[in-house]
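Subject: Structure handover

Hello,

Here is the structure for you to open alongside this note.

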Amino acid sequence: MASSIPAALTSLIQILTAALPATTQVNVGPELPRYVAPQTLEILGVTGDQQWAELGGNYKREETYAIHCKLTAWAGDADWESRFQEALVLFDTVSVAVGTNPTLNSTVRLSEVGSLDLVPILTERGSAAGFAFQVHASQRIQSLS
């Protein structure tokens, strides 16, 4: 296996889609230029690194990475505090979903939610609140197979 990222990404999307309210729009790709739903989860990309872990015929690499995500609550009104609370509930749901499945369906050794940033946004049509966060993951991979 050259990387655990493809399988981990697929599993994370499945886990979060199942955990979040059915009305939550899930988007994988570049950041959306506008709001498409009252509650949105965006998977924006992955950054990471691989370092050697074992040399020789059993050559293995230690892979660590962060899956960059963003949750947004929007209602087209000026009630920023309510959007903030909605985003907090969504973030709590994500934290519990990853915390209760830290191997992301056995695709990684360990994952956890981290690097949280609150992103208050004021738009022409109202306010929104969002959380940019990362899901950190690590896995030892067999590099010669």
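F91 touches L71, V113, L116, F131 and F133, leaving aside residues up to four places away in sequence. Contact here means heavy atoms within 4.5 Å. F91 sits in helix 2. Helices (H or I, at least four residues) and strands (E, at least two) are DSSP runs, numbered from the N terminus. F91 counts as buried because its relative accessibility is 14%. Buried means under 20% relative accessible area, exposed over 50%, and partly exposed in between, with a 1.4 Å probe and protein chains only. The C-alpha atoms of F91 and L41 are 9.9 Å apart, while the two residues are 50 apart along the chain.

Some ground rules. This is a predicted model: local features need pLDDT of at least 70, side-chain atom pairs count only at pLDDT 80 or more, and totals for chains, interfaces and linings use all residues. Residues are numbered from 1 along each chain as its sequence is written, and side-chain values use heavy atoms, with hydrogens and water left out.

Confidence next. pLDDT is the predictor's confidence in each residue, from 0 to 100. The protein chain has a mean pLDDT of 90, and 96% of its residues reach 70 or more. By element, helix 1 has the highest mean (97) and strand 4 (residues 110-123) the lowest (84). Where pLDDT is low, the predicted coordinates should not be read in detail.

Back to helix 2. Helix 2 has 20 residues and reaches 28 Å from first C-alpha to last, close to the 28 Å expected at 1.5 Å a residue. The expected span is 1.5 Å times one less than the number of residues. Which residues of helix 2 are buried? They are R83, A87, L90, F91, V94, A97 and V98. These cover an arc of only 120° around the axis, which puts them on the same side of helix 2. The arc is that of the directions from the helix axis to the C-beta atoms. E81, V89 and G99 are exposed on the other side.

Now helix 1 (residues 5-19). Its 15 residues should span 21 Å at 1.5 Å a residue, and the end C-alpha atoms are 21 Å apart, which agrees. A8, S11, L12, I15 and L16 are buried in helix 1. Seen down the axis, these buried residues fall within an arc of 125°, so they line one face of helix 1. What do they pack against? Their partners are strand 2 (39-54), strand 3 (60-74), helix 2 (80-99) and strand 5 (126-142). The face of helix 1 turned away from the buried side carries the exposed residues P6 and A18.

On to the strands. Two strands pair if DSSP finds at least two bridges between them. Strand 1 (residues 25-28) runs parallel to strand 2, joined by four bridges. In that pairing, Q25 stands opposite T40. Strand 2 pairs with strand 3 in the antiparallel sense over 14 bridges. Here Q39 stands opposite A73. Strands 2 and 3 form a hairpin with five residues between them, and G56 in the turn has a positive phi of about 95°.

Last, two backbone angles to look at. Most residues other than glycine have a negative phi. L104 has a positive phi of about 45° although it is not a glycine. S106 is not a glycine either, and has a positive phi of about 65°. L104 lies in the loop between helix 2 and strand 4, and S106 is in the loop between helix 2 and strand 4 too. L104 counts as buried at 0% relative accessibility, whereas S106 counts as exposed at 66%.

Best regards
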